[in-house]
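Work through the exercises below with the structure in view, and try each task before you read its solution.

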Amino acid sequence: MADSLSIKDNRTGKSLDFPIQDGSIQAMDLREFKKSSDDFGLLSYDPSYMNTASCKSKITYIDGDKGILRYRGYPIEELAEKRNYLEVAYLLLNGELPSKSEYEEWSHNITYHTMVHENTKQFLEGFRYDAHPMGMLVSSIAALSTFYHDAKNIFDEHSRKLQIYRLIGKTPTLAAYLYRHSQGLPYIYPNNDLYYTEDFLTMMWKPPANTSYKPDPVLVKALDTLFILHADHEQNASASAMRGVGSTHADPYSCAAAATAALYGPLHGGANEEVLRMLEEIGSKEKIPETIRQVKEKKKLLMGFGHRVYKNYDPRARIVKKIADQVFEITGKNRLLDIALELERIALSDDYFISKHLYPNVDFYSGIIYQAMGFPEDIFTVLFAIPRMSGWLAQWNEMLQDPEQKIARPRQLYVGYPERHVP
Ligand code: ACO
């Protein structure tokens, strides 16, 4: 039979044919194989979900071997060149790019939900001056759920839309507030006359006494493009956290806080911060061979290299490299760039990295740009969380409307003691 898989269970001699659909078989079909009638049935064992599709999705397509990334079918390169972040966020959530009137309504709704409740300031005051920005972001996104009780109506489309406007609108405000808290600076309110990234940079950097402050348009555009590149990446660890918590029907603020926590890890969104620390630790081009030696001896990882899905150059990393040139024309070159370029050159000509298909990922160069723009290292992952919010929400929205999805609950293989008795 075409497009099917025949499996024979040699324990019982039983053979079955299973349909192959979209390049997969249904894991539940394996349960048909039982040693005896009271046997649970066969499981597939897949630690870290290396080869398990947990959902069907229409949002983001990645071909890791070819280095392809598309949102709703559109190549990331074209979106980065021709559209702004808010249009791309609309695309991720709605499936199509917005018409002019759809865009106006969308950007109006996001803009008019950028204010946060005044209580947020008191809440932030509770954090110590040296609290990590990601810790503050996780907590303040979770705290939003305490303000919006209507968010529990997750099967009401109107309510879902409202929470989406709020989360996309308020995350930059929270990010800027927590930065200003850490610096002991007064908070700057959002300004409805400004575009999303311009408003964010203004809330971050505007000196309170300078009423004419405007961020450089080149930097606004560069950040906006970086936001497009970071907006979604299908079923990565944080999107899976979003879907996993969402599958319990928790409100979207609690889900987004969980996703933000997953992003915090140095193997995921925390890598951009780690790359900078690594480059600073290397300090000069002469020390690169020593770093490479230690990486090969498995004493450390080359942060910003490697990816679970890409086994080729991350297409986002190419675009980030171009943005770096534009930013450095305004800010002056980041001294770490030369070390990064040389590190990449050496790694990409070394058999160790070639044989393991280790290429720079999106985070290898993004931190160098953020640093040149004036952002402190520990806020880099926050700059990832702001745009990823639209991707997380698109994944959450899709999951809630997918009749095949239930509460996420993996199985385990129990390998502990058999029953024993307390002496
Ligand atoms: N430096 C050195 N060696 C590496 C690296 C690296 N950055 N990444 C993978 N390897 C090696 C592993 O040691 C392993 O070697 P082995 O086969 O001899 O055991 C092999 O390559 C395969 O690596 P895995 O860890 O099995 O790959 P996995 O898909 O599980 O991990 C990950 C992907 C987590 C991204 C990994 O490459 C890594 O830790 N990279 C550094 C952190 C980083 O940059 N993360 C950002 C990812 S992009 C993002 O989240 C936006």
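In counting charges, Lys and Arg are taken as positive and Asp and Glu as negative, while His and the chain ends are not counted; the place of a charge is NZ of Lys, CZ of Arg, CG of Asp or CD of Glu. The model is a predicted one, in which local features need pLDDT of at least 70 and side-chain atom pairs count only at pLDDT 80 or more, whereas totals for chains, interfaces and linings use all residues. Residues are numbered from 1 along each chain as its sequence is written, and side-chain values use heavy atoms, with hydrogens and water left out.

**Exercise 1.** Find how many positive and negative side chains the protein chain has, and how far apart the centres of the two sets lie.

*Solution.* Counting by the rule above gives 49 positive side chains and 55 negative ones in the protein chain. The centres of these two sets are then found to lie 3 Å apart.

**Exercise 2.** Locate the domains of the protein chain and state the separation of their centres.

*Solution.* The domain assignment, which is automatic or from a database, gives domain 1 as 4-49 and domain 2 as 76-401. Taken over C-alpha atoms, the centres of domain 1 and domain 2 are separated by 41 Å.

**Exercise 3.** Decide whether methionine 28 is buried or exposed, and describe its place.

*Solution.* Begin with the cut-offs: buried means under 20% relative accessible area, exposed over 50%, and partly exposed in between, with a 1.4 Å probe and protein chains only. Methionine 28 has 55% relative accessibility, so this residue counts as exposed. Next, methionine 28 is placed in the loop between β2 (14-19) and β3 (60-63), where strands are DSSP runs of E with at least two residues, numbered from the N terminus. Finally, methionine 28 and leucine 43 are 15 residues apart in sequence, and their C-alpha atoms are 8.0 Å apart in space.

Methods. Helix = DSSP H or I, 4+ residues; strand = E, 2+ residues; numbered from the N terminus.
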